[in-house]
Amino acid sequence: TCRLLYSVKMARVVIFLSCLFVGVLSETYFKEQFLDESYTDRWTESTFKGADQGKFKWSAGKYFNDPVEDKGIQTSQDAKFYGISAKIDKPFTNEGKTLVVQFQVKHEQSIDCGGGYIKILGSELDPIKFHGDTPYKIMFGPDICGMSTKKVHVIFNYNGKNLLTKKEIRCKDDEYSHLYTLILKPDNTYEVLIDNEKAESGDLEADFDFLEPKKINDPDASKPADWEDNEKIDDPEDKKPDDWEKPKTIPDPKAKKPDDWDDEMDGEWEPPQIDNPEYKGEWKPKQIDNPKYKGPWVHPQIDNPAYKPDSDLYLHKDIGSLGFDLWQVKSGTIFDNVLITDDPEEAKKFGEETWRKSFDAEKKKKEAHDEEERKKEEEKQKEAEANKKEEDKEKEEDKKEEDEDKDDLDEDKEKPKDEL
């Protein structure tokens, strides 16, 4: 019994220390909830585009759960460039660690064309000059333009080149808040979550053009001259029938030379052409199986001498700032609850505590508003129909009176003068 109690106590101690150890290891590098206007002390708006630079405002939008907690930064001017960034207090590297980038986006303006993505940059960023060509390390988030572009960008910079994912990840395109999470792991894999649910995942080397291909076509190999890759061939015993050749058109046998046709003035008369009903088209021999068919020729592959493996595709050594750099035709997008951490579970929990409450309340309030507007429109339509009926009734009564007056006038005209 004593041994059992001792084992239980030791197990509890181990569990406690493990939790404490994990808590110490996990780290939050940046968190912004825009709870008050002091965010302007941490975030700097770019002025690079001059008069074309749009302004952000502090707002919770039209529908929200809490008027303070749900406030974020909102684009406020149509057809403008937007740039705003913040420095990370302690620039860091994700070497040997998982990197989690997460933020909340709400396109409550029913966005037609514009970005909603975040950029992760180095510590050398000049926030005043932040713009579209500013070098960045990671670009992640939704991008919408018309019906054709509704995707989540996942772009990594590697050796000076911005590499786009080969996969198509569809973003949300409604008017509610949505949570976008990118998880980058030291085993060179990644995962994209939307609203805390997996949307895509994969291997960096497979899904992005980080490296040269491992294999290439052998430059010294070529398809043999006698290689037969045609599955079918013409039947050598099939002959074209003697009566096959017929002209495509023939003179119209029903056509007659006009009586007033003058050969000297008009030239020699020729009847118009019509389609020949006996024309069979171009003759082609029947197809038979090719007895020499070998199948498609496959180019032999060799190891690519330019391929150099890299176990650090995920690695970024100086993560020192982040920002939103966008162009929007129609403004109104709200960004909120930005988080950079090394713990996916922490990010998930933070998302449930913030985004989930906002999303549920927004949806409920907007649906209630839409229903109220629908009822108002319905009442308005009913009122318009009732007014039309009343107008039609009045017009009918006016016409009836006019007809009666006309009938009385006609009767008076028909009466003898001595009766008037």
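Q: Which residue in β22 is the bridge partner of Glu32, and what makes β1 and β22 a pair of strands?
A: In this predicted model, the partner of Glu32 in β22 is Val338. Two strands count as paired if at least two bridges are found between them, and strand β1 (residues 28-32) is joined to β22 by 4 bridges; therefore β1 and β22 are called a pair, and they run antiparallel.

Q: How do you know that β4 and β22 pair?
A: Strand β4 (residues 72-75) is linked to β22 by 2 bridges in the antiparallel sense, and the rule asks for at least two, so the label of a pair applies to β4 and β22. One place to look for this pairing is Ile73, whose bridge partner in β22 is Phe335.

Q: How many bridges are there between β6 and β22, and in which sense do they pair?
A: There are 7 bridges between β6 and β22, and the pairing is antiparallel. Val100 can be found opposite Thr341 in β22.

Q: Why is β22 described as mostly covered?
A: A residue is called buried when its relative accessible area is under 20%, and in β22 this label goes to 9 of its 9 residues, so the strand is described as mostly covered.

Q: What makes the space lined by residues such as Ala60 and Asp70 a cavity?
A: The word cavity is kept for a set of points where a 1.4 Å probe fits but cannot get out. The search of the whole structure finds 3 cavities of 30 Å³ or more, and the largest cavity holds about 60 Å³ of space. Its lining is made up of Ala60, Asp70, Gln104, Val105, Lys106, Ser177, Ile334, Asp336, Ser358 and Glu362.

Q: Which elements supply at least two residues each to the lining of the largest cavity, and how does the lining divide by residue type?
A: The elements are β6 (99-107), β22 (333-341) and α5 (344-414), and β6 gives the most, with 3 residues. By type, the lining of the largest cavity divides into 3 nonpolar, 3 polar and 4 charged residues.

Q: Why is the space lined by Tyr158 and Asn159, among others, called a pocket rather than a cavity?
A: A pocket is an open set of points, whereas in a cavity the probe cannot get out. The largest pocket contains about 220 Å³ of space, and its lining consists of Tyr158, Asn159, Lys161, Leu163, Asp209, Phe210, Leu211, Glu212, Ala306 and Lys308. These lining residues divide into 5 nonpolar, 1 polar and 4 charged.

Q: What do β13 and β14 form together, and how do you know that they pair?
A: β13 and β14 form a hairpin with 2 residues between them. Strand β13 (residues 189-194) and strand β14 (residues 197-203) share 6 bridges in the antiparallel sense, and since at least two are needed for a pair, these strands qualify. Within this pairing, Glu191 stands opposite Ser201 in β14.

Q: Why is Asn188 called buried?
A: The relative accessible area of Asn188 is 9%, which falls under 20%, so the label buried applies. Asn188 lies in the loop between β12 (177-184) and β13, and its phi, near 65 degrees, is positive in a residue other than glycine.

Q: What makes the link between Tyr136 and Asn162 a polar contact?
A: A polar contact is a pair of N or O atoms within 3.5 Å, and the side chains of Tyr136 and Asn162 are joined by a polar contact of 3.5 Å. Tyr136 lies in the loop between β8 (118-121) and β9 (138-145), and at 9% relative accessibility Tyr136 counts as buried.

Terms used:
Residues are numbered from 1 along each chain as its sequence is written. This is a predicted model: local features need pLDDT of at least 70, side-chain atom pairs count only at pLDDT 80 or more; totals for chains, interfaces and linings use all residues. Side-chain values use heavy atoms; hydrogens and water are left out. On a 1 Å grid over the protein atoms alone, a cavity is a set of points where a 1.4 Å probe fits but cannot get out, and a pocket is an open set with protein on both sides within 12 Å along at least five of seven lines; lining residues have an atom within 4 Å of a point. Grid points are joined across faces, edges and corners, and a volume is the space filled by probe spheres set on the points. Ala, Val, Leu, Ile, Met, Phe, Trp, Tyr, Cys and Pro count as nonpolar, Asp, Glu, Lys and Arg as charged, and the others, Gly among them, as polar. Buried means under 20% relative accessible area, exposed over 50%, partly exposed in between (1.4 Å probe, protein chains only). A polar contact is a pair of N or O atoms within 3.5 Å; within protein, one must be able to donate a hydrogen and the other to accept it, and residues adjacent in sequence count only if both atoms are side-chain atoms.
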